[in-house]
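Take a look at the interfaces in the model below. Follow them one at a time.

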Amino acid sequence: MNENLKHRIKARILKALHLVALFIAMAIICVPGLWIVLNSFRPTVEIMAKPPVWIPSELNLDNYRAMFGAVGEGGVPVVQYFTNSLIISVTSTVIAILVGMAGGYAFARYRFKGKAGIFIGLMLTRAVPGVSLSLPLFIVMAKTGLIDTHVGLILVYVALNVPFTIWLIDGFFRQVPIELAEAAEIDGCTRWQAFWKVEFPVARAGIASAGIFAFLTSWNEYALASQLTRSTFSKTMPVGLRDFTSEFTINWGGMCALAVLMIIPALILTFIVQKHLIAGLTFGGVKG
Amino acid sequence: MSRLKPPAWFVLLLPAIIILAAVVLIPLLLSLYSSFTPYRLTRPDSLYRWIGFANYEKALTSIHFWTAFGRTVLLLTIALNLEMLMGLGLALLVNKVTWGQRTLRTIMMFPMMFSPILVGFQFKFIFNDNVGLVNNALQSLGLTDQAIPWLVDGKLAFFSILVAEMWSATSVFAILILAGLFAVPRDPIEAATVDGCTPWQTFRHITLPFIMPFIYIALAIRSLDVARAYDIVQIMTNGGPARRTELLWTLIGRTGYVDARMGYANAMGYISIFLAIFFTVYFFRKLNAARGELGMAS
Amino acid sequence: MAQVQLRSVVKKYGSLEVVHGIDLDIADNEFVVLVGPSGCGKSTTLRMIAGLEAISGGEIAIGERVVNDLPPRHRNISMVFQNYALYPHMTVRENLGFSLKIANRPQSEIDRAVEEAANILSLSDYMDRKPGALSGGQRQRVAMGRAIVRHPEVFLFDEPLSNLDAKLRTQMRTEIKKLHQKVQSTIVYVTHDQVEAMTLADRIVIMRDGHIEQVGTPLEVFENPVNTFVATFIGSPPMNLLPATITNGEVAIENGPSVALPSAFEGKVREGQAVILGFRADNLMPRGHSLPMEGQHAAFDMKVNLSEPLGTETLLFSSLAGREVQAKMLNPRPVSPGETLPFQLDLTRCHLFDAASEASLR
Ligand SMILES: Nc1ncnc2c1ncn2[C@@H]1O[C@H](COP(=O)(O)OP(=O)(O)O)[C@@H](O)[C@H]1O
Ligand SMILES: [Mg+2]
């Protein structure tokens, strides 16, 4: 019985250690985000207080009010930034998904020479660092007059998202047995109908998750946007964050408020599809 | 009817090829060309003077360039390895949980939704020597009475950047590895326990080979956009103070936009592109090898 | 010396109890088969013995040692899984030698043990292939080989043959039986297939819904089922069961003929008791096509609805008292559907069960 007891105690200890480790890990993940949220509700005096104030004595919406307030008095054209971000992200995501579906379908269903090479080539375009690309892109955009326009940024984001989208969607179409489409064709569908009526619905969940990735990438992108946008007319939220910095100071409270505004849509979207998100990444990748 | 009909796969791939050519390939060709000129934004005519490999020579003999290059490789190597290990640890912790796992998984994805620039500001705030969370906490706990210059001292700033980068990317690894853990069949694991394996041996000999492809996918995906780290660094220190945290990307950005020396910046840009391509191709090859090992190759 | 003892072993998943306090004593070197319909808790029981599932109550001992909280590696057992559970990234050789390598045995010893196992199971030709390149039967043999290299005290098998086709299954069944004679270890074997149980077991344990219904040698459980569940589960085709009442000292089949009370049950039933009459197809045969029935027997006519010729005998499906009854015909001749034949029922081989408890009245 002694031996059993020893193992039982060991199992208990391991379980306790597991819980402690898990708690610490989750705390590290959560604290920075919560810190931002908390500070978006605190008055600047309290943020700057020395010694620090740990238990907030006052929480208010001042930072949000100021942000939506008049430009110049700490206000920032948030609504415009938000709209820009939304238009650019949604449009580029939709286009990227359409282009990615065509490309992914080609990789999943056709055999052709140089397939692996073309695939790697497409992927590598994504590996080009934003800064390195932004320099020549800036010149091209300036020449073609696309700088500081929605269209310009949309095009860039489509290109940014297409490789990864193709990779994921390729994986999803491979999951759909080809017999399914063949059966539909025997039942009298054209190839086109067979795709929309059979293959697309089956792969839809996966395609949606590819869409979320594309959206998040566009929504959060900064390196390119910061160079290709100039004015309120096309600046996106990540670029807008810089409005809170001046030469020597940063308006932390205001920035936290905008940050919260930026995270919320991403958060909602991710929660909706979180299950597909994981499946999406792994199917796309492993079963390659 | 002598016109040749292009094959379907080509038509389907055409939009992707066109857009990538327009947005990536053409600018890259342009930058390749300009990297052989002394092009400055302020002097457009300088675009037409051919100077051969002068820019590359300049970069390859510049101490600033090599320090930034070395620091970038160092940061990437440390960051990717630590993220992988911590992601693995986190995934194993969460995988062991029997209830509430959905919630934990959702929390785990939290940092993935944060824009890198936001991560930069967030940690710039947290590591702020005056009002930051870290110094506040250290001071309140009585561990120090000074304001530790997290973002000013070279080594500390490197560390702070590493922390920010890891916070933002560890969850990508954790999520992917967790998905890998879900896909590990139960049977071989049980067989191994019965065969006499300790939990560590089971992990080492059975679980790890199974999740290796997932680890490489995560590494490949991450290396595809390692340059996201640029956003973080640019906000936190922008390479400064006095080049103490200069990375390849911040050096390129500053040379191009602040000094307006586009030709030179593009030459260095090319070197950074090859660095990224090297990492990516390396991990893709590893991925294929690991898949072959498990007999999953396509 | 490795007897296995289960004392009031309980398994709960949350609040759901799936094994309800079972007791079982397995002797050293015994081949015991747990059999029962799917979902009855066989695998759970086996996995508790293996240490893959924690037990929620009771005690399990292997040898003289209580192993309740010991992890599998301290139990000196090995197990063959239903889906083989081979390590896909290792060759056959590595699969076989894995447990010894883990135990840090010297390479020469590992090689010898692997070689020996490969010979016993004729695996020598595939040693450097990976499991993905093997057929079902070969994988099955590797799984068994992996179990025997360690010379464990107890072998556990969880439906090891259920993924094989019928012919291979019969073949492997014989090999497992031979294996047991060679290795001389205690074996606990789980299956839902009663034929497998009958052919392999020294003793059969019949389970239902997390309870043990009966433990006995194959012949015991065939000849003397303790209740109607065991009676229908063991033997093929299943035992015919007809509701009846004891009337005037005879067994009156509901809406059918009366037959004499089998002498084995005299004094064990009371007048008016509701019972179930059970008999196997082998004991109901048409006159002229039956074994000689010297003892007590009954005779009645039945219409044959369907016949299935099996070669040496023909299986007849007839109706008696509105229920389907299966009978057998020796030295068969063609039977056309609808033909009425005179049947003889061997009463000495009949069973009576209480209608309410379904327990044998013997
Ligand atoms: N992990 C589990 N959680 C809840 N119920 C389970 C679990 N595993 C098995 N069960 C239930 O326990 C019962 C017995 O299962 P099992 O031992 O696998 O049956 P079998 O006799 O077919 O091998 C079944 O009803 C099954 O649904
Ligand atoms: Mg089972």
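This is a predicted model: local features need pLDDT of at least 70, side-chain atom pairs count only at pLDDT 80 or more; totals for chains, interfaces and linings use all residues.

Across the interface of chain B and chain A, six residue pairs are in polar contact, both at pLDDT 80 or more. A polar contact is a pair of N or O atoms within 3.5 Å; within protein, one must be able to donate a hydrogen and the other to accept it, and residues adjacent in sequence count only if both atoms are side-chain atoms.

Residues are numbered from 1 along each chain as its sequence is written, chains are lettered from A and ligands numbered from 1 in the order in which they are written, and side-chain values use heavy atoms, with hydrogens and water left out.

In chain B, 85 residues are in contact (heavy atoms within 4.5 Å) with 87 residues of chain A. The two chains bury about 8,000 Å² between them, 81% of it on carbon and sulfur atoms. Buried area is the accessible area (1.4 Å probe) that two parts lose on being put together, summed over both. On the chain B side, B:Met113, B:Phe125 and B:Tyr257 lose the most area to chain A, together 9% of what that side buries.

Now look inside chain B. An automatic or database domain assignment divides chain B into domain 1 (9–52) and domain 2 (63–293). Together the domains bury about 810 Å², with 64% on carbon and sulfur atoms. In domain 1, B:Ser35, B:Arg40 and B:Leu41 lose the most area to domain 2, together 46% of what that side buries. Here the rule finds zero salt bridges and four residue pairs in polar contact.

Chain C comes next. Nine residues of chain C are in contact with six residues of chain A. The buried area is about 580 Å², of which carbon and sulfur atoms give 46%. C:Val66, C:Asp69 and C:Leu70 supply 65% of the area that chain C buries against chain A, more than any other three residues. Between these chains the count is two salt bridges. One salt bridge joins the side chains of C:Arg65 and A:Glu3 (3.2 Å, N to O).

Notes. A salt bridge is a side-chain nitrogen of Lys or Arg within 4 Å of a carboxyl oxygen of Asp or Glu.
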